[in-house]
Number of protein chains: 2
Amino acid sequence: MHDRIRHAGLLEKRMSAEAAAALIKPGMTVAMSGFTGAGYPKSVPQALAEQMEKAHAAGTDFQIKILTGASTAPELDGVLAKAGGMELRLPYMSDPLLRKRINDGEIEYMDIHLSHVAQHAWFGFYGDINIAIIEVVGIREDGSLIPSSSVGNNKTWLDMADAVIIEVNKQQSAGLEGMHDVYYGTALPPFRKPIMLNHPEDRIGQPYMDVDLSKVIAVVETDAPDRLSAFAEPDAVSNQIADHLLDFLDGEIKTGRMTDKLLPLQSGVGNIANAVLAGLSRGGYRGLKAYTEVIQDGMLGLIKDGTIAFASATSFSLSEAGIAEFNKHVDFYRERIVLRTQEISNHPELIRRLGCVALNGMIEADIYGNVNSTNVVGSHVMNGIGGSGDFARNGFLSVFMSPSVAKEGRISGIVPFASHVDHTEHDTMLLITEQGYADLRGLSPKQRARLITEKLAHPDYKPMLEDYFERALRDSYGKHTPHLMGEALSWHQRYIETGDMRL
Amino acid sequence: MHDRIRHAGLLEKRMSAEAAAALIKPGMTVAMSGFTGAGYPKSVPQALAEQMEKAHAAGTDFQIKILTGASTAPELDGVLAKAGGMELRLPYMSDPLLRKRINDGEIEYMDIHLSHVAQHAWFGFYGDINIAIIEVVGIREDGSLIPSSSVGNNKTWLDMADAVIIEVNKQQSAGLEGMHDVYYGTALPPFRKPIMLNHPEDRIGQPYMDVDLSKVIAVVETDAPDRLSAFAEPDAVSNQIADHLLDFLDGEIKTGRMTDKLLPLQSGVGNIANAVLAGLSRGGYRGLKAYTEVIQDGMLGLIKDGTIAFASATSFSLSEAGIAEFNKHVDFYRERIVLRTQEISNHPELIRRLGCVALNGMIEADIYGNVNSTNVVGSHVMNGIGGSGDFARNGFLSVFMSPSVAKEGRISGIVPFASHVDHTEHDTMLLITEQGYADLRGLSPKQRARLITEKLAHPDYKPMLEDYFERALRDSYGKHTPHLMGEALSWHQRYIETGDMRL
């Protein structure tokens with residue numbers, strides 16, 4: 001029997017990526033696996049992109065709607081964006097070429113809370129899903145599927161799609177088997193029940209995904225790694241931000257609001273997140289837990305050194321070195337990591353029950369604590385909101401972090417008025433830049449404005465913010481949230497005109 | 001034995017409102033009952049305000065921090081605002097004088113999701129609570145308390161306060177007894193468990209509130225009604241909005257996304273909400289359920305005529321006529337209404353499980369579906385976010401409604417850029433004005449902008465919005481969410497300068 005395809009009926013459905021891609025027709029809604037560059041289909045999207053390019057060269061329109069878990073990779077988002085094959089894309093992305101085409105106004109992109117995607121699909125808000133393309137580690141004797149390096153929305157796509165294409169990727173470690181927890185207890189209202197998960201390590205589902213075998217129209221074998229770049233060592237600014245967070249956490253422990261085990265951590269992706277994780281290890285924390293979305297190299301290191309005792313997520317996001325480390329010690333990690341469907345990893349019910357400490361990056365915050373996570377200068381989307389809203393709204397603490405300036409000081413991370421709001425003043429508790437932290441709990445808007453300006457702003461911008469706020473205090477229409485409507489977005493306009501918010 | 005105070009020890013603690021108020025000292029944090037003008041203490045706050053005024057006349061500072069459930073009435077918020085006795089007020093208010101002083105910059109006000117208030121207090125985010133002042137219907141033989149016409153945060157205030165003042169109000173119907181469900185299963189993370197409520201009518205708590213008798217420092221007898229004005233009959237615009245909602249709901253039923261029992265309704269307060277409720281009765285719906293915050297006169301009518309079979313809330317908000325109707329048929333209503341603590345009525349876990357249909361008003365929406373619920377011209381707070389965020393983020397549907405214009409057409413309800421964001425583009429599904437409805441589900445920002453402009457804008461403003469969007473499409477920095485930063489808030493600035501967004 002085939003090593004990775006142990007079901008005779010599905011073994012017979014093997015075909016080339018090109019043949020499988022040919023089953024996808026213009027106008028279809030296609031749901032694909034993939035979350036933060038892990039577990040995405042490696043070959044069918046590329047074959048599909050080639051067929052789209054041929055169609056376009058022949059003057060035929062060929063576009064589809066694409067749903068995923070979150071970001072994928074150049075072999076999916078990149079090639080399909082390049083081929084002009086995306087009519088609509090949701091919910092999160094980070095591919096440079098896709099981002100460019102979205103911001104050039106050529107691709108429609110819908111940015112959704114990651115906890116909402118599956119249920120909005122179940123509710124019928126995105127219409128029918130014609131085909132699902134799902135990467136797996138293997139197919140078992142009974143036809144059930146061993147999930148790959150991410151789970152994301154795969155259970156939902158398998159359940160909902162009219163037809164299923166499975167990619168079996170032999171480069172994904174066979175050791176992943178048993179690491180997943182796929183919850184099948186969801187229902188539509190009014191038939192929903194409590195989700196009986198009380199700790200990050202609780203298992204409430206099964207390690208395999210079910211699929212209606214009659215829907216499987218193709219099985220494609222692949223042999224390619226998740227393509228993720230190694231992350232950079234934390235820089236000085238990121239380490240300063242991490243140190244401020246550690247100072248704050250020390251204070252919370254001293255006041256008794258948290259123990260030295262903290263509460264389950266959620267950590268966004270990127271350089272600052274990695275610096276924060278490294279800081280926790282340096283700070284002497286041991287036996288912490290994570291209830292998060294993504295396990296990056298930094299998290300693996302913390303699990304190895306005992307800083308984190310257990311981590312729940314929906315995806316890996318490992319560099320080549322991280323994958324090698326994981327594969328080498330897979331039995332160790334399997335005891336300490338569980339991957340769940342993203343409607344569970346990001347579920348408001350569970351995040352609130354567990355009391356997560358939500359640690360996320362931001363593009364900018366305004367003086368009242370409104371946070372922009374997505375749109376540079378209010379219009380150019382970076383990646384998307386991801387799960388930051390799920391965790392910030394429902395966690396015990398909502399923390400947003402950013403350097404105080406970007407582009408060599410030409411952009412301030414603290415502005416009079418956020419040019420796009422993803423997290424409102426009602427949802428943000430702690431803001432951190434390398435300058436310091438601002439604890440907004442229990443403060444009114446004007447109290448927040450003074451603290452944010454004092455603690456977080458870069459010295460180049462602090463006098464400008466003070467000047468704006470003092471004039472707003474004097475001249476604002478209402479003085480609950482003082483603003484000068486004619487000037488609130490002038491920093492962004494100045495950046496557009498001069499390339500520098502200061503000039 | 002005293003009819004309403006059936007505990008001997010507490011009977012001995014009776015004193016005048018003046019004597020009780022004298023126990024409150026400057027700088028204290030005082031937590032009071034009260035939610036949407038119901039169940040607030042009627043006499044101690046007034047006596048306190050008099051003592052504050054005397055102190056101020058004598059040149060002594062006398063201010064306190066005040067926490068409540070939501071809005072109260074002139075006898076609480078009005079008198080204390082007038083006395084200059086509020087250092088900080090949270091979380092929701094609607095008293096005209098308090099609003100004025102907040103917007104004059106004289107009182108600090110913190111606007112919080114109503115589901116967050118209790119737990120942020122438990123977490124220690126608001127510091128110690130020195131005194132709680134709680135109105136009740138009566139005190140039982142064992143010292144437990146019969147809640148009044150609202151529950152709100154009263155359980156939390158009783159549990160947390162160092163000392164408790166109880167107001168026993170004999171004007172509140174004794175028939176309220178048995179109508180409440182006070183949940184004592186909450187805990188701090190990491191010790192939280194699922195909340196086992198699966199239907200709006202489920203009871204998970206007890207009908208009475210517990211209080212540590214040794215903390216009770218005063219019992220004050222009162223005899224005054226909740227002071228609420230009768231609501232106006234729905235006007236033509238409100239009825240048009242209700243009709244658009246009914247059209248939309250018909251469509252949802254036809255597509256099978258909901259049955260004709262809909263899903264549990266949450267309805268905000270006010271004229272449009274009442275028109276919508278009246279519309280549901282007119283539309284022939286029967287046997288619906290409500291999982292909401294407030295029961296207004298309109299809801300009573302729907303319960304009476306069978307449109308609504310059961311309603312869960314945390315407060316009444318009845319006019320004099322409504323109170324009379326309720327008292328006359330209290331046994332009928334007690335079988336069909338339950339009042340809960342507000343951390344349960346507004347709990348994200350439960351709202352998501354039940355799949356509420358969230359119906360809320362708004363001040364303005366922008367062309368991308370960002371909604372401003374709180375700040376007129378970005379700076380002048382109206383009431384607060386209330387529970388709209390709890391329900392909109394977690395419900396099956398999030399609906400926001402407003403007339404397309406205000407102030408005889410001088411303000412547009414649809415603007416290029418929301419001057420304050422309480423509900424982000426990620427959280428809004430359906431927007432309605434008297435012009436029509438815009439179903440935003442599954443749409444990208446640019447698709448939303450076209451639909452919102454076409455369906456919702458008043459004819460006076462539609463060409464202006466089209467012009468803005470077309471120029472933004474051409475000239476925006478990024479073209480995912482096209483905006484002109486130099487012009488995005490110009491409508492609001494124009495209103496400030498000329499009193500009319502058009503000129």
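Contact here means heavy atoms within 4.5 Å. The model is predicted.

On that criterion, the cover over the buried residues of helix 5 of chain A comes from both chains. From chain A, it includes helix 4 (74-82), strand 3 (86-90), strand 4 (108-109) and strand 20 (380-381). From chain B, it includes helix 16 (445-456). Helix 5 of chain A spans residues 96-103. Its buried residues are Leu98(A), Arg99(A), Ile102(A) and Asn103(A). Viewed down the helix axis, these residues fall within an arc of 130°, so they line one face of helix 5 of chain A. Both ends of the helix were also examined. At the start, a side-chain oxygen of Asp95(A) comes to within 3.1 Å of the backbone nitrogen of Leu97(A). After the helix comes Gly105(A), with a positive phi near 80°.

The relation between the chains was examined next. Two copies of a chain are related by a rotation about an axis and a shift along it.

The interface draws 90 residues from chain B and 90 residues from chain A. About 7,400 Å² is buried between the two chains. Carbon and sulfur atoms give 57% of that area. On the chain B side, Arg352(B), Arg393(B) and Met485(B) lose the most area to chain A. Together they account for 12% of what that side buries. Of the interface residues of chain B, 100% are also interface residues in chain A, so the copies meet through the same surface.

The relative accessibility of His458(B) is 18%. Buried means under 20%, so His458(B) counts as buried. Its side chain reaches the backbone nitrogen of Asp460(B) at 3.0 Å. Leaving aside residues up to four places away in sequence, His458(B) touches Ser404(B), Val405(B), Glu434(B) and Gln435(B).

For chain A, an unreviewed UniProt entry lists residues 322-468 as "domain: Acetyl-CoA hydrolase/transferase C-terminal". This span is 33% helix and 25% strand. Its end C-alpha atoms lie 47 Å apart.

Terms used. Residues numbered from 1 in each chain as written. Chains lettered and ligands numbered in written order. Predicted model: local features only at pLDDT ≥ 70, side-chain atom pairs only at ≥ 80, totals over all residues. Heavy atoms only, no water. Buried < 20%, exposed > 50% of the residue type's maximum accessible area, 1.4 Å probe, protein only. Helix = DSSP H or I, 4+ residues; strand = E, 2+ residues; numbered from the N terminus. Arc of directions from axis to C-beta. Polar contact = N/O pair within 3.5 Å; in protein donor to acceptor, adjacent residues only side chain to side chain. UniProt positions renumbered as here; feature names shortened; annotations may be inferred. Buried area = accessible area lost by both parts, 1.4 Å probe.
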